[in-house]
Amino acid sequence: MFPDTKNGYTYEDCKATADWLLAQTDVRPKVGIVCGSGLGGLAEMLKDQVAFNYKDIPNFPQSTVHGHAGRLVFGTLKGRPCVCMQGRFHLYEGYSIQKITLPIRIFKLLGVETVMLTNAAGGLNQDFKVGDIMIIKDHLNMPGFAGNNPLSGPNDERFGVRFPCMSDAYDRELQQMAMDVGQELGYGDFLKEGVYCVLGGPSFETVAESRMLHKLGADAVGMSTAPEVIVARHCGMRVFALSLITNQVVMDYDSVEKANHEEVLQTGKERAEQLERLVSTMVTKIEHNNN
Ligand SMILES: O=P(O)(O)O[C@H]1O[C@H](CO)[C@@H](O)[C@H]1O
Ligand SMILES: Nc1nc2[nH]cnc2c(=O)[nH]1
């Protein structure tokens, strides 16, 4: 086992981890899935599973948050080879931003072409309700504004260019596919689209912060996803992402509501089945080079 003390990982480090994994499974995934808080049930849908605990994977960080099991699961979803992170990493766990996004580069080196991410998020858009599923069309990367971008540091051209474009970060065809699939499944009433804002966490927002984010154009707020999306786009993978609106963000000083992680996990449980069906149906419709 390699020591897990570094902030950044080289191409060779990522390749060593990818090769270690590829030597232990015949699954050659085209789709990589990242499960948000309380949304790890998606991984259970994979057939013919080969699963690894994060603690056993060279270079991998460990999950420390309740609702993130800490397993990398390979398998097939309706015959399509996939790899699924049952639990992700967050800045507030104390990891560097390069470390929390390392698995995305490993996805790339495993042969993944499309990354699908889910998260739990607080609703800022006043038309959103708890239990809505928001197709992410764009993000506000607040840690990035402050210089904390996962691509900071030396750029390795084997992954991608120094200055990657992000105006097309969220694949528009996949967004349309999600809308169409959602309509077919009868999810029209709770399927929305919007802008996701990432903050460092782990404290939830103050009223003033929430009002500011709403004014800036954010529809939902969370503590993940955008760094993973940046790294995925940098190395040329297609990206699709969903937020489950697990709570309404408190925007009013008179409100007695208090954001809490238990509510986040509870809403995840209540909507998990629909979210899983939406993602798994999409997986069967995404075209890759050899299917
Ligand atoms: O983004 P995911 O991993 O779904 O988790 C969300 O839920 C947690 C807060 O309840 C935070 O970690 C936030 O980012
Ligand atoms: N920052 C933040 N993250 C969340 N994750 C789930 N709900 C929330 C929220 O209200 N705020």
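One cavity of 30 Å³ or more is present in the structure, a cavity being a set of points on a 1 Å grid over the protein atoms alone where a 1.4 Å probe fits but cannot get out. The model is predicted, with local features needing pLDDT of at least 70, side-chain atom pairs counted only at pLDDT 80 or more, and totals for chains, interfaces and linings using all residues. Residues are numbered from 1 along each chain as its sequence is written, and side-chain values use heavy atoms, with hydrogens and water left out.

The largest cavity has a volume of about 60 Å³, a volume being the space filled by probe spheres set on the points, which are joined across faces, edges and corners. Its lining (residues with an atom within 4 Å of a point) comprises 13 residues, with Ile100, Val198, Met223, Ser224 and Pro227 nearest the centre.

A pocket is an open set of points with protein on both sides within 12 Å along at least five of seven lines. The largest pocket holds about 410 Å³ of space. Of its 28 lining residues, Ala120, Phe204, Met223, His261 and Val264 are the closest to the centre. At least two lining residues each come from strands S5 (114-123), S8 (220-222) and S9 (238-248) and from helix H9 (261-285); helices (H or I, at least four residues) and strands (E, at least two) are DSSP runs numbered from the N terminus. S5 gives the most, with four residues.

The second largest pocket has a volume of about 350 Å³. Its lining has 20 residues, and Gly8, Tyr9, Gln98, Arg105 and Pro154 lie nearest its centre. Helices H1 (11-22), H4 (102-110) and H8 (226-234) give two or more residues each to this lining.

How values were computed. Chains lettered and ligands numbered in written order.
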